[in-house]
Every structure is written in structure tokens, then in C-alpha cells.
Amino acid sequence: MRRTSVVGPLLLIGIGALFLARNLYPDLPLVDYLARYWPYLLIIWGGLRLAEVLVWSATEKPLPARGLSGGEWMLIVLLCLFGFTLHAARGISDWWPRHGIELGGIDMFGESFEYPISAEKPSAKTPRVVIENFRGNAKIMGSDAADMVKVTGHNTIRSLEQSGADRANQEAVFELAGDASQVIIRTNQDRVLGPRRITAEMEITVPKGATIEAHGRNGDFDLNDIDGSVEIISDNAGVRLNNIGGEVRVNLRRSDVVRAVNVKGGVELKGRGSDVDFENIAGQVSIEGAYTGTLQFQNLARALRFTGPQTELAIEKLPGQVRMGLRQFNASNLVGPVRLSTRSRDVEIGDFTNSLEISLDRGDIDLRPGSLPLAKMDVHTRSGDIQLSLPPSAKFDLTASSGRGEVTNDFGAPLKIERESRRGATLRGSTGGGPAVNVQTDRGAVTVRKAGAEEAKPLKKIEQ
């Protein structure tokens, strides 16, 4: 007799119960529940099938050759595609990009309706301004004109009909709360349920001495002329800061750009994103996270510390600039100690002082110290070529070797090549009294030459 399964009937009962509940309770956010909890269907399905197999085994019935039939596997694939797409489209997923097609009357369906925002509240000269968790864009400007927090702008509500947008606007009443020392900006967007979505476009004027704390879900922050500290926490945001007088802390799950210019305090950045651009920062810069775009730093008065999944960088001071992409690292005018450890990048560094440590898994290295006295160097790449350009009058004690590749001495005496193996060689020599310069590649060529006067030119700044 052919065995039958109770999984199909139970799944039909469960799905029917869900839709019956939706008919009986129209306000029930059924699509949101399905988007969030659809993997439970797979868990329940697998548990029931496992229980059936155990029952068949205990009753000494023949076990199936496969746990699931071909049709069931096809249904599972379709269910996963449906659930994964719905989960991402509803904006619940943190690891799927929150843009593009959305469902439930959001973005893909319905119309946009705009409602004006206008509010103001007296404040102290140095208030703490808190922007509560919201979706949208905020432009925040410091002003000496008045002791007042003023907000203008509009809400955009996407809904299938005007009446639904009107109800959402009444439910999400914009307000300024708190007192003169702490002003709280609330959009109350979380009060709106169902297939309606509110985004806010706000221009916020605050006293110049204000401290800003902003929390967002999706949207950009643009801050200018703030003397106090700034803290921004968001799920997905672009951040642009200009003329900030205090400490800056930014924590983003996802970002397209983080830019900070003219900051008197330090900058701490955590999260994931694309481009990072810091310029004229008086305090220490600390970055931790995964960034896949271009990272550019210029004129940092104190230390730079960067920690990523495949790269660690530490610079004591940066009068010049650093530009780091996915496959390139270019830098000029660095004050060490400088330490760079990365997996796969071509490295070009010019005009650096104190000490330099570089460790690569794969990539070429081009070093042009430029200024004297020469920096101590400890440089290693497992696979790649090394070119070292030393000033003619520099003092150093050099060991340059290749485990499997050519070693070329274009510097001349007193450097000499020592053939240590059939496939590799070492170049050694000392000009007397200088620092140790050790460069090594396991697989690649090494060239040591005299530098020309023009080789320590700074890099050109990328146009934004």
C-alpha cells in the first residue's frame, strides 16, 4: 500500500486559517506576518516528515528511499523564493538592499501624498536635540540667530487612496517635545500600520552650540555648523558633516557615503557601506567595518585607525592623504609609525617618515620615502613585485630579497646581490648608520633604485 503524508493537509489547514483570520480581522497585518515568519513553514514541514519517518521505523514499515518527493522539493524551492522575495520587499530584511520594488501599496503601487511640517520650540543656547527613529532625510543647520529649534518640511505618505493617506497623517502627528535643555523631534511614523508608508523631508535649524543625537531607519543626514558633538545611528543612511565643533560618532548598518569635513573633535565610524571621505579632522579618526567603495583621508591632525574584514591600517598623523579602493592603496606625506596589513591590494606610498610596516598576501608595492632621515621599513608580500626608490644621500642598512624572482640593483654600490638559491636572490648593503630597511617578496621581482627629485609629489585629490 502506498504511504500517505499528513503534511499536505496540515499545511492547507494552516494556510486556510491564516486567510480566514484576515477576513475576520481586516486590520491584521497578514502580509507582514508571512514576510517575517514564513521559515516556520519549512521547520514545521520538516518536523512532521521526520516524525512520520520515525513512526514508520518504529512500526517496522519500509522507509522511503528519499525523505521528500520531487514535487515536494519543487514546492519548497517555490516557497523559499516567495518567502525570500516577500521578506525583502516588505523592508524587514537587513541584508537585502532596501530599495527598488516593494509590495503592499508601497512604492510599487498607490500614490504619493504630501503634508507640510512646521514646528518650533524655544531652547537653551546649547540644547541637546534628539531626532527619534524616523524614515526620511534631515538637513540640520546651526545658527546664531535665535535660541530656537525650528523644523520645516513635509511628510510624504504613499497610499492607495487619499483617505488612507489622510488617516496616516492624523495618526503620525509631528511634534517637538522636551524642554529648553533637551528638544525631542518626533515624527511618530511607527504609529502607522498597514500598507502605508511615511517618509519625512526635514530642514532643522538649531542653536549653533547644540548637541545632536539622530536615529534613523532609512534616509540621509546633512549637518552643518554645529559646535557640539554629533551622534548618528541608522539602519541605512548617507551622512555628510561640515564644520562640527565636537566629537562625532556614526553607526550605520548600511551607507552609500559618509563624509566629514572640518571637524574639531574626533570621528568614530562603525558599520558597513561604500564611500568614506574625511578631511581636516583635528581629533583621532577610528573606523571599524566593511566598506566597499573608495576611502579617502586628507589632513588628519591625529591618529587614523582603520579595521576592516581584510585590512588593518594605522597612521600616527596624516598631513597628506590616503586613498584606498578595493584593489589600490595610494598614500603620500604620512607621519609614522605606519602599519598596513591587507589581503590583496597594490600599494603605492610616497614621502613617509618614522617607521613603515606592510604585510600583503597579494599585490605589488611601490615605495618612495622622499624625505630624510629615512624611515625604518619592514615590508613583505607573498606574491607581487616590490620597487623601492631611495634618495641618493640616504643612510640605511638594506636587505631586499625574493624567494622566487629577480632582484635588480639600480642603486649601485655599496649594495650587492647575493644569489641564495637558483630561483631567488638577496640584495644587501649599508650606507652607514641608517635604519634597517627589510623588503621581501616570496614570489615576485625586487628593484632598488635611486629616487629622482620629483618622485615625492602628493596625490591629487579626487573630485567629488
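Biologist: Which residue stands opposite Gly153 in β6?

Modeller: Met202 stands there. Keep in mind that this is a predicted model, where local features need pLDDT of at least 70, side-chain atom pairs count only at pLDDT 80 or more, and totals for chains, interfaces and linings use all residues. Residues are numbered from 1 along each chain as its sequence is written, and side-chain values use heavy atoms, with hydrogens and water left out.

Biologist: What makes β3 and β6 a pair?

Modeller: Pairing takes at least two bridges found by DSSP. β3 and β6 (residues 197-207) have 9, running antiparallel, so they pair by that rule.

Biologist: How do you know that β1 and β3 pair?

Modeller: β1 (residues 111-122) and β3 (residues 148-159) share 12 bridges in the antiparallel sense. Glu114, for one, has Thr156 in β3 as its bridge partner.

Biologist: And what joins β4 to β5?

Modeller: 4 bridges, again antiparallel, between residues 175-178 and residues 182-186. Ala177 faces Ile184 of β5 across the pairing, and the two strands make a hairpin with 3 residues between them.

Biologist: Why is Arg443 called partly exposed?

Modeller: Buried is under 20% relative accessible area and exposed is over 50%, with partly exposed in between (1.4 Å probe, protein chains only). Arg443 comes out at 47%, so it is partly exposed.

Biologist: Which strand holds Arg443?

Modeller: Arg443 lies in β29, residues 436-443.
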